[in-house]
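Hi there,

Here is the structure I promised to pass on. Have a look through it first, and then read my notes below.

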Amino acid sequence: MRQVNRTSLIFIGDTHAKFKHLKIICDQFFPLPCIQLGDMGMGFNFDHEFPKCPNLFWTRGNHDKATTCRKTKGYLGDFGYLEFDDLFYVGGAYSIDQARRIEGKSWWRDEELTEQQADECIELYQKTKPQVVCSHDAPLFLYGQLGVMFPDGSRTNRLLSRLFELHKPELWVFAHHHKSFKTSVEGVLFVGLNELEVFRFSPAK
């Protein structure tokens with residue numbers, strides 16, 4: 001296992017524009033980095049309330065406007081790797097309720113990574129082989145345990161399952177399903193977070 005320098009990471013579940021609560025969490029754990037796992041609530045007319053927290057970093061969910069995320073402070077990107085923390089992150093997901101939403105107001109067509117981005121994500125993941133993974137959605141193979149019926153899956157949860165096949169991290173944290181969840185699969189601890197739920201991870205040295 002490679003050497004890492006930080007002491008702890010704080011992971012936070014879906015925020016849904018409850019920015020005052022998010023700020024309380026970030027202030028409580030300052031200066032530890034707080035990583036929010038998507039569905040921040042960007043694009044729903046509350047963007048002006050986004051908190052100014054120097055220790056807040058985040059990626060997007062399916063209920064976030066991607067173009068707004070990319071110009072907002074602390075946004076990590078749609079996917080990527082943080083070498084200092086040996087952390088890989090993947091944003092986006094498929095909205096099963098998109099038929100009840102309004103495109104451009106409460107749903108955005110680019111909610112998932114493109115096929116090209118997914119290929120680039122796989123390439124980077126194979127290269128970095130991280131200790132920790134965080135994603136908005138969960139891998140498809142966990143859906144049964146989460147009580148979700150989605151037999152064919154989506155581009156996102158199939159991608160996450162593929163990443164798991166390629167490399168087994170120590171920890172994988174996700175949100176999206178609004179459920180507190182823990183299980184171990186082939187030596188990997190999976191942790192699912194409810195809305196604004198917090199999980200603290202302290203890596204082995």
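**What I found**

Let's start with Asp 86, which counts as buried because its relative accessibility is 2% (buried means under 20% relative accessible area, exposed over 50%, and partly exposed in between, using a 1.4 Å probe and protein chains only). Before going on, a word on the model: it is predicted, so local features need pLDDT of at least 70 and side-chain atom pairs count only at pLDDT 80 or more, while totals for chains, interfaces and linings use all residues. Residues are numbered from 1 along each chain as its sequence is written, and side-chain values use heavy atoms, with hydrogens and water left out.

Back to Asp 86: this residue sits in the loop between S4 and S5. (Helices are DSSP runs of H or I with at least four residues, strands are runs of E with at least two, and both are numbered from the N terminus.) Asp 86 has a positive phi of about 50°, although it is not a glycine. Asn 45 also has a positive phi, of about 70°, and is not a glycine. Asn 45 lies in the loop between S2 and strand S3 (56-58), and it is exposed, with a relative accessible area of 69%. For background, most residues other than glycine have a negative phi, and most peptide bonds are trans. Pro 31 is in the loop between H1 and strand S2 (34-36).

Now for helix H1 (residues 19-29), where you'll find His 21. His 21 counts as partly exposed because its relative accessibility is 47%. Ile 25 is in helix H1 too, but Ile 25 counts as buried, at 9% relative accessibility. Leaving out residues up to four places away in sequence, Ile 25 touches Ile 12, Leu 196 and Val 198 (contact means heavy atoms within 4.5 Å). Ile 25 and Cys 53 are 28 residues apart in sequence and 9.9 Å apart in space, C-alpha to C-alpha.

How do H3 and H5 pack? Helix H3 (residues 115-128) and helix H5 (residues 155-166) pack at an angle of about 20°, with their axes 10 Å apart. (Axes are lines fitted to C-alpha atoms, for helices over the stretch in contact, and angles run from 0 to 180 degrees between N-to-C directions.) H3 and H5 are therefore roughly parallel to each other (angles under 35 degrees count as roughly parallel, over 145 as roughly antiparallel, 65 to 115 as roughly perpendicular and the rest as oblique). Among the H3 residues that meet H5 are Cys 121 and Tyr 125, and the H5 side includes Leu 159 and Leu 163.

Leu 163 turns up again in the largest nonpolar core, which has 25 residues; Phe 88, Leu 163 and Trp 172 have the most contacts inside it. (A nonpolar core is a set of buried Ala, Val, Leu, Ile, Met, Phe, Trp, Tyr and Cys residues joined through side-chain atoms within 4.5 Å.) H3, H5 and strand S5 (87-90) are among the elements that give two or more residues to this core. Apart from it lies another core, of 19 residues, including Ile 10, Phe 19, Met 40 and Tyr 75.

Happy browsing!
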